[in-house]
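Please open the structure in your viewer and keep the selection panel at hand.

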Amino acid sequence: MDFLIFEAPILMVQATLDGILIGILFALIAYGMALQWGVMNIINIAQGDLVILGGYIAYSMYLAGIHPAWGVIVSPIIMFFVGWGLYKLVINKVVDRDLFISILATFGIAIVFQQLMNFIFGADVVVAQSGYGTTMFFDNIITLPHSTIFSAAISVLYAIVLVIYMKKSKLGRAIRATAQNARAAKILGVDTERVYAATFGINAALCGVAGALIAITFTLHPYVGLPYTVRSFMIVIVAGLGNLPAVAISGMGLGVFEEFADYILGTEFRIGSVFMLLVLILVFRRFKLSRKREYLK
Amino acid sequence: MKQKDLILYVGLIILGLVAPFIFPGFKVQLTILCVLIVLAMTWNLQGGEMGYNSFGNILFYGLGMYLCASVQVGMFFPLAEWTESGGEKTFVHTTTQFFQGMGVGLLVAAIIPTIVAGLIGYAILGLRGHYFAICTLGLGIAAGEIAGGIEIIGAGQGFTTPPFPKDIVDPEARGEFFYYLSFIMLIATFVFVKWIYGSRFKLILNAIRDNEDKAEAMGIQTMKYKIVGWMVSAFFCGLAGGIMGGLIGYIDSTDVAFDGREMGVFMVLMAILGGKGTLWGPVIGATLFHFLKEGFWTLILGWQYVALGVLIVVIVIYFPEGLMGWLREKYPQRFGEVIDEKDRKAQVELK
Amino acid sequence: MNKLLKLFITFVSAITLTLIGITTSFAKVEGDTIVLGAAVSLTGKYSSNGVHTQNGYNLAVERLNKMGGVKVGGKSYKFKIIYYDDESNPKRAAQLAERLINQDGVKYMLGPYSSGLTKAIAPVTEKYKIPMVEANGASRSLFTKGYKYLFAVLSPANQYLEVAIDLAVEKNGGKPVKIAQAFEQDAFSQDVRLGILDAAKRTGSEIIIDDKLPKELNDMKATLVKVKAKKPDVLVVSGHTKGALTAIRQIAEMKVDVPMLAMTHCDAAKLSKQHGKNSEYALCASQWHKNLSYKDKFFGGGKKYDKDFTKRFGYAPPYQSAESSAALIVFKDAFERANSFDGDKVRDALKATDMQTFYGNIKFGPGGQNIAKPMILFQVRCKGDKCENKVVAPTKWASDKFYHPIPSWSKRS
């Protein structure tokens, strides 16, 4: 326990700012998860590993001498096809089945991804240098690395593009129709198989963007995927499926929570507190729902 | 029929009793096999019979492990000094102290997780389906992360469990002790689970799995039975954890105790591989899995996790009913199912 | 049920037969090879360092075998290592040690990577009285347990950064300093922390920030913000390679000004390469550096080893590889002095080891730790865009002067 943050309230500003900026990134990953959960009724445990893979794509570009910021364009394109391929290979076989099957199957995929990344990129932590500067306020007490601002801005941009695409394009409408009622959409001539593949591809592409941003703002490591999965899962549960503003807000909320937990409980409990929060949210939700059920009775 | 069963059981028990002498080099693996079977069987009570797919049984396993070791140390020496600075100070258990501590430790390791399961059961078991699965996954991982920050049980330094008493000179003794301990636990678990399989309790669990709301409407207090079912699992998981802790000799929060990424998933996978919702399925699944895994180790150095991941995907996609399910489909008569040919044809046509 | 029973019996007997099949393949000294066993991390979180370890072992085996092998009783033997992958998991490591000893019949062991895994394996080797020379388990508690068959060629973890605190006090005109520290929650880093605590007590220094970092660490902003607010004289960070990389990245990003920054694992993290100028002035603890003047007849000196290793594996050897290679040299020496393959005789010979290798002097203390070799500190210094590790302490090998204090970020370009 450490209460420095209360002794120096200016640090709260820092924590809140950091939390909001990182939360936007979480929200982007969560939006991908909400999309494929809503459309295909699948929980993807490999979500976090897709993110990390996307990060490694940006990192490889950095190694090749290209500025890693271009990763936010290249990585989603590659990841879209990875997602598409993954759908054709495995996911299409679990779409209409028990949710638990999808959890376990994607868990298997996550293990394979982790190991392959371990073989290709090594188990060491790597970073992609963006070379972006830092803005300082209040006599260097509060710092805002430009890389985090960049990542938040790109996340917002991608979210907006995606929303417009979902509203306007033909595929976007097909995806939304399938989410509402897959059978009816099929009857009306929507190729649901293609819609599913595209949805999973878009989800993977969003993970790719997020991964490239993480490569610039944080560090990459083959085994850090799961916390990202859990965070996005949590955000989706709180926000509900297909509610983008709520996803954004709960993403930021989670980010701020984490930063404060980090300062107060200590960094060693950060991941633990995220997982504990997940349990608490689920339990809270269960009691809320059961009250509703009694009320309905 | 009855006689054949008897021969089978007696044969297996004799095999289990003499195994460490036939394969003296494999005692540790055999001990782990017993533990794996126990974990798979008790997971099967929820996942298979009750329909609550838990990733969180590892919580009880890890809890049992830490409790057993802490009690074994704490009964005779100050625990905080034992774990301080990565266990620099050396205290030596005498032979009697070691076994007394182990006995009491195992008892505590079984009882406390059972109580914990009872306490959190009401909150957690109210969740349905995948919410339950993810929640228990979170619970297991959170426990590991938090245990890794608690000083008195060694925190990140790990917890070295008391070494086997030096007075017992025979180097084989330690292996034999832990093997027979786990074998006794295995038999106890099997007998208990088999008794459950013949009882009304199992039918209630099945009713919950098949349709919880209807079961409730029939007047079954589902919550009560769900909690009891979970407590049974917790009891044996805690016991298994306690034995494993003593066997490995070194407890690390995330890699040994709350090892959700390995043990937590393995127990699910083993039950599914063998066939969930059957008595023998988890036993066969665990045995097969253990041998596959040991095979992977030597043959594909470094690639075993890729193979494991592929195995998981293949099993859950192509054999979600497991070996027993596959056999059941192939030879339904052997499972005492009578199939009406006409009915079957009609069903096929309907599809 | 009948058929099922038959199936089950077939299943059980098949397994039994395979088991018997495996048990019969036994080995310790087969023909003219001495078989050593090693569980190293080829997958999992320690896999890079595990591979460094394995490469170090392999290079030494190749070299020793080429240069005549081990001469015992007038006959020349060759080394061979049986490897298993311990997946960076202590449970697996302990299990594999049992397997190496019981099923593969290994009579001599090499250590795994990391303190935690060594802690898991040591009780097993001790139980079977198997001599183990380990090169990567530095935790101090390994050497206080009275293990008789464990020998470590490296200096214990608590010595890693103790010198750095002394250096800071010295630069502060002998006055106590304010220390901020952040250590990963794992056996090794926590032991480094113990060393700092000792040094702080000795010098009367005050520890003003004492943070722990999680194993999946990729953000230590909270610690750095505290550092900014409390302005310590020294910041000490240890968390294997991720700790070093994360710290440098965020210190540069947040423009944290601290007069002295001490770390571990800089060379394994390729800090100077990954972070370039941002990593300048970081002070790093190391077991070995190629510029040291130690010599032996197998690898020549440090520079020669560096060259050979780079030629063979395509990257410069971090100290993890060098110490692993040294473990093999120690084993060879012990076998020849014991002139026997008897476990206890080899163990006694190991105990009496007193030699110089390219990696450093080796002489084992009562707990099995190497007491003949000091830790060294190097500092990352840059010329233009090229950054290099320069030895700054102890003075005997120092090629450069220790630069203190670190200029503030506003003055660094």
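How many residues of domain 1 of chain C are in contact with domain 2 of chain C? In this predicted model, local features need pLDDT of at least 70 and side-chain atom pairs count only at pLDDT 80 or more, while totals for chains, interfaces and linings use all residues. Residues are numbered from 1 along each chain as its sequence is written, with chains lettered from A and ligands numbered from 1 in the order in which they are written.

Select chain C, with domain 1 at 25–155 + 292–363 and domain 2 at 159–286 + 375–411 (bounds from an automatic or database domain assignment). Here 15 residues of domain 1 of chain C are in contact with 11 residues of domain 2 of chain C (contact: C-beta atoms, placed from the backbone, within 7 Å). On the side of domain 1 that touches domain 2, α2 (47–66), α4 (115–127) and α11 (319–338) of chain C each give two or more residues (helices are DSSP runs of H or I, at least four residues, numbered from the N terminus). α4(C) gives the most to that side, with 3 residues.

Next, select chains A and B, whose contact takes 31 residues from chain A and 31 residues from chain B. On the chain A side, colour α5 (99–121), α10 (225–239) and α12 (270–296), each of which supplies at least two residues. α5(A) gives the most, with 13 residues.

Finally, select chains B and C: the contact takes 38 residues from chain B and 42 residues from chain C. The elements of chain B that give two or more residues include α1 (2–22) and α13 (281–299).

Conventions
Contact = placed C-beta atoms within 7 Å.
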